[in-house]
Amino acid sequence: KWTEGVLKTCTDPGGRKAKDFMNGLSLHYYTVPGTWEHKGSALEFDEKEYYVTLKKTLYMDELIKGHGAIMDQYDPDKKIGMMVDEWGCWHDVEPGTNPGFLFQQSTMRDALVAGATFNIFNRHCDRVKMGCIAQIVNVLQSVILTDGPEMILTPTYHVFHMYRFHQGAELLESCLSETKKVGNDKYQMDNIQQSVSQDKDGVITITLVNTSLDGEENIEAVLMEETPKKAEGFILHGGLNDYNEFGKEPVLYEKPLDVQLTQRGVKFVVPACSVVTVRVY
């Protein structure tokens, strides 16, 4: 049976044998800022609702840990993958659209949700073998929106593109020496969410999300076993309500980020409300 999205116990003793006949266990979790009846607008929201949304997104980490602990009891070798095959923001449909089509716009808030979720998946890649956003075009937190012959790339698309370097790479142990608490009331969280990997060519990818709306963070990444020779960075940055509109030039897209080499790593600035990727060669 299920409680708060976490599998607590299996009431069927025979279910223990299911592991011998399965390749993966599916997990669905949507970030709903409000309630299922009134989920909240994709475009019209304030700072309080923004922090509620990000805090609910980070619950994915607890879900994966809880499910993973139970899977470890019956699959200690982790042969069975956890498949998070539906995730993302679920807002109210856009006014004037068919409610059954679940069409919603995508803001910088959604981009931060995507980046934070990817970092969670990366940190649990020993168990999470697949993480699929539910729909690609026009439905919920899509990467593409269309209107007749017109098409726009959403902020979530750019986060997918910025995180592509993690694919096929090896997770590296990483930690933040210091973070700040942001948010309000019970919806507080660390301002920086991160994950780090290294590909087959030795290139290190650092991805960070700054959930703060008013404070940038100066980052100095220290590499324990590597001496950097070159570095480059990319950033997606904007106001929390910013979004790309049909018929207008996009306001949210990847831009270069200034990254400076140090003797033992790199340093750079992560602005408030941004997603950052840094590549160290």
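## Strands and the model

A strand here is a DSSP run of E that is at least two residues long, and strands are numbered from the N terminus. By that rule, T205 lies in strand β12. The structure described below is a predicted model.

## T205 and T277

T205 has a relative accessible area of 1%, and it is buried because that value falls under the 20% cut-off. The side chain of T205 meets the side chain of R279 in a polar contact of 2.8 Å. Setting aside neighbours within four places in sequence, T205 is in contact with F165, H166, S195, V196, S197, T277, V278 and R279.

Is T277 buried or exposed? T277 is at 0% relative accessibility, so this residue counts as buried. Its side chain reaches the backbone oxygen of M162 at a distance of 3.2 Å. Beyond neighbours within four places in sequence, T277 is in contact with M162, F165, T205, I206, T207, E232, G233 and F234.

## R123 in helix α3

R123 is found in helix α3. R123 counts as partly exposed because its relative accessibility is 32%. The residues that R123 touches, leaving out those up to four places away in sequence, are D61, L171, Q194 and S195. With Q194, the side chain of R123 reaches the backbone oxygen at 2.8 Å.

R123 and S174 are 51 residues apart along the chain, and 9.3 Å separates their C-alpha atoms.

## Helix α2

Helix α2 runs over residues 59-74 and has 16 residues, which at 1.5 Å a residue should span 22 Å. Which residues of α2 are buried? They are Y59, M60, D61, L63, I64, G66, H67, G68, I70 and M71. D61 is also among the residues that R123 touches.

An α-helix has 3.6 residues a turn, so residues three or four places apart point the same way.

## The largest pocket

Rolling a probe the size of a water molecule over the atoms shows where empty space is left. The largest pocket has a volume of about 780 Å³. Its lining is made up of 24 residues, and those nearest its centre are E173, S174, C175, A221 and V222. Two or more lining residues come from each of β11 (192-198), β12 (204-210) and β13 (217-222).

Which element gives the most to this lining? β13 does, with six residues. By class, the lining of the largest pocket holds 13 nonpolar, five polar and six charged residues.

## The second largest pocket

The second largest pocket holds about 560 Å³ of space. It is lined by 21 residues, and F118, F121, N122, H166 and Q167 are the closest to its centre. The elements giving two or more residues to this lining are α3 (108-123), β5 (128-131), β8 (170-171) and β11. H166, listed here by the centre of the second largest pocket, is also in contact with T205.

How many residues does β5 give to the lining of the second largest pocket? β5 gives four residues, the largest share. In this lining, eleven residues are nonpolar, seven are polar and three are charged.

Definitions and conventions
Residues numbered from 1 in each chain as written. Predicted model: local features only at pLDDT ≥ 70, side-chain atom pairs only at ≥ 80, totals over all residues. Heavy atoms only, no water. 1 Å grid on protein atoms, 1.4 Å probe; cavity = no way out; pocket = protein on both sides within 12 Å on 5 of 7 lines; lining within 4 Å. Points joined across faces, edges and corners; volume = space filled by probe spheres on them. Nonpolar A, V, L, I, M, F, W, Y, C, P; charged D, E, K, R; others polar. Buried < 20%, exposed > 50% of the residue type's maximum accessible area, 1.4 Å probe, protein only. Polar contact = N/O pair within 3.5 Å; in protein donor to acceptor, adjacent residues only side chain to side chain. Contact = heavy atoms within 4.5 Å. Expected span 1.5 Å × (residues − 1).
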